[in-house]
Amino acid sequence: MTAVLVGLDVGTSGVKGVAVSSEGELLATAEEGYPLSTPEPGWAEQDPEDWWRASQAALARLPEGPVGFSGQMHGLVALGEGDQVLRPAILWNDQRTGAECVEIERRIGLERLIELTGNRALTGFTAPKLLWLAHHEPATYAQIRRILVPKDYVRLRLTGEHAIDAADASGTLLFDVGGRRWSDEVCAALEIPLDWLPPAHESTEVAGAGDQAAGALGVGIVEPGPVSVVLGTSGVVFAVLPAYAPDAAARVHVFCHAVPGTWHAMGVMLSAAGSFAWLRKVLGAPYGELDEEAGRWNPGTEGLLFAPYLQGERTPHADPDIRGAFTGLSLRHDRGALARAVLEGVAYGLRDSLELLRTLGVEPAVGRVSGGGARSDLWLKIVASVLNLPLERTESDAGAAFGAALLAGVRDGVFADAAEAAARCVRAAERVEPEPAWVDAYAQGYERFRALYPMLRS
C-alpha cells in the first residue's frame, strides 16, 4: 500500500493540513482558520487553544498517517505547572520588544550575539518576548515552567511530547546555531533557566521545522544552489549554506536548516502578500480584478513607488518603527496603478534580500517559488524580472505543510533522508523567465526604491 504522510502547518491565519503519498502525490488537504488579536498598536497575539482546535479539525478530515509539523516561527507560548497556558502567545510579527532587543545586545554584546546565534536581537524573536514578560508581566513570568513555539504546542497536545527542532530553535535567539544546541552563554546572560527549554533535535528526528525551513524542503531546497522565494504574508528569499557563516552585521538571518548538518540564510520582509491583502481590503476589490487592472500598467507605473513597510521591516533594515508609503502619485494613477506599485514594491523588497545573500556567496541560477502570491502569473513575472532570476512553481503548492509531511516520512523510514524525500516527491511544474523588456526598467526602479527607506526614516 502507498504510505500516507500527513503535514500540519500552524500558520498565522490558520492551520493547513495535507496528506501526501510516498511519491509526492497530494491526496487530501484541509484548512481551518482562527483570529489574530492586536490588543495594542504593534502587538500580535493568538490563543494557543485556537491552534489546537483547528489542528484537530484539520486532522479529522485527512487520512491517517505519520504527522510532521511546521509553523510560524518565533512565537512565545508560556506554560506553567501542568503545561497550563499562562497568557496568549506573542507572535513573530509583534513589535513591542524594542527596548528588550537593545538590552539583549547590551548584555551579550552584538558581535558575540551574532557569533553565537547567527542573528542580532529583533523584535519578532522569542528571547526579547521573555524579557518583556519579565519587565511588564512579572507575575506571569514567575509562573513559567516551560516555553514552546507555536507548532510544538500543537505537538504537545497531540503527542504529549515536549520537543523542538534545530531550525525552529534557531529563531528563538537562545540557540547556539553553529553548535546546534541551546546556548548556555545566552541563557545565562538573560537569566533564562535551561529547564524551561524543550529538548532540541534535528528536524528529521522529530518531523518538525519552522515554516521557512519546511517550506524550502517542500520545494526541494536541500543543498546549496537554487533559492526559495516565498510570497506569503511575509516575503522570504532562502538559500542553503555549505557551512555556518553568519553575516557580520546580521542583515540576514542564519539558522539551522531542516536538513541535518546544514544551515540556511534568509532575508525576511514582513509584508509581502500581506501588502496586497491590505490593499484589496482597503479598496474592497477582488484579487482577480486588481491583478487584471495592474497588468494594464507598464513596469515602473509611471514613477509610482510603494514602500512595503506596513508593520515595520526586518531585512535589510531591522526597523520595527518604519511604516509604508506610496510616493509619486499623479492624477493618472488609478487602483490598478496602486496594485501594480504594491506588486513591484514587494518584488524590490525581495531583491534587497537576494543582494545580501549574494554577499555570502549565494549565486542562484533559479528560484523555487511558493506562497499565496505565487498564484499570480503577473506577480511572478514581475518578481522574476526584478530579481533577474527564473522562477519555478512546483507541482504541489502546499508549501510548509508539504515539507512537514516529507519530514514525517524521513522520521518513519519511508525515505532514507531529506534529499531522497525531495528527489522522489518534489517536481517543477512550470518556469517563469524574466521579461527582457522589463529587466532594465526594474533595475532603474530598484535604485529609486533603495532611496525610499532613508527618506521615510528621516
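**Sheets, salt bridges and ring pairs in a predicted model**

In strand β13, Gly210 is the bridge partner of Gly71. The model is predicted. Strands β5 (residues 67-71) and β13 are joined by three bridges and pair in the parallel sense. Helix α10 (residues 211-218) packs on the sheet and touches β1, β5 and β13. The direction of α10 makes about 110° with that of β13. A further helix, α6 (residues 150-159), lies across β1 (4-10), β5 and β13. Helix α6 runs at about 150° to β5.

These strands belong to an open sheet of five, ordered β3-β2-β1-β5-β13. The pairing in this sheet is mixed. Its edges are β3 (26-33) and β13 (208-210), and each of these pairs on one side only. With direction ignored, neighbouring strands are turned by 15° against each other on average.

Another open sheet holds seven strands, in the order β16-β17-β15-β14-β20-β21-β22. Here, too, the pairing is mixed. The edge strands are β16 (253-256) and β22 (428-432). Each has a single partner strand, so one side of each lacks a neighbour in the sheet.

His253 stands opposite Met266 in β17. The hairpin of β16 and β17 has six residues between the strands. Within this hairpin, Gly261 takes a positive phi near 75°.

Charged side chains were examined next. The whole structure contains 41 salt bridges. One of them joins Asp50 to Arg53, with the closest N and O atoms 2.3 Å apart. Both residues lie in helix α1 (residues 48-60). They are three residues apart, about one turn of the helix. Asp50 has 16% relative accessibility, below the 20% limit, and therefore counts as buried. Arg53 reaches 44%, between the limits of 20% and 50%, so this residue counts as partly exposed.

A salt bridge also forms between Glu137 and Arg87, at 2.8 Å from N to O. This pair links distant parts of the chain, 50 residues apart. Glu137 sits in the loop between α4 (126-136) and α5 (138-143). Arg87 sits in the loop between β6 (77-79) and β7 (89-90). With a relative accessible area of 11%, Arg87 is buried. Both residues take part in a network of salt bridges that links Glu45, Arg87, Asp94, Arg96 and Glu137. Arg96, a member of this network, also lies over the face of Trp43, at 3.6 Å from the ring centre.

In a further salt bridge, the side chains of Arg296 and Glu292 meet at 3.4 Å, N to O. Arg296 is exposed, because its relative accessible area of 60% is over the 50% cut-off. Arg280 lies over the face of Tyr287, at 5.1 Å from the ring centre.

Aromatic pairs number 16. Phe276 and Trp379 form a tilted pair, at 5.9 Å centre to centre and with 50° between the planes. The pair links distant parts of the chain, 103 residues apart. Phe276 lies in helix α11 (residues 273-283), and Trp379 in helix α14 (residues 377-387). Phe276 counts as buried at 5% relative accessibility. Trp379 is likewise buried, with a relative accessible area of 2%.

The ring centres of Phe306 and Phe326 are 4.9 Å apart. Their planes meet at 40°, so this pair is tilted. Phe306 belongs to strand β18 (residues 305-307), and Phe326 to strand β19 (residues 325-327). The pair therefore ties together parts that are 20 residues apart in sequence. Phe306 is buried, with a relative accessible area of 1%, whereas Phe326 counts as partly exposed at 25% relative accessibility. Elsewhere, ring pairs link Tyr348, Trp438, Tyr442, Tyr446 and Phe449 into a cluster.

Terms used:
Residues numbered from 1 in each chain as written. Predicted model: local features only at pLDDT ≥ 70, side-chain atom pairs only at ≥ 80, totals over all residues. Heavy atoms only, no water. Pairing = 2+ DSSP bridges. Helix = DSSP H or I, 4+ residues; strand = E, 2+ residues; numbered from the N terminus. Axes fitted to C-alpha atoms, helices over the stretch in contact; angles between N-to-C directions. Contact = heavy atoms within 4.5 Å. Salt bridge = Lys/Arg side-chain N within 4 Å of Asp/Glu carboxyl O. Buried < 20%, exposed > 50% of the residue type's maximum accessible area, 1.4 Å probe, protein only. Phe/Tyr/Trp six-rings, centres within 6.5 Å; stacked < 30°, edge-to-face > 60°. Lys NZ or Arg CZ within 6 Å of the ring centre and 35° of its normal.
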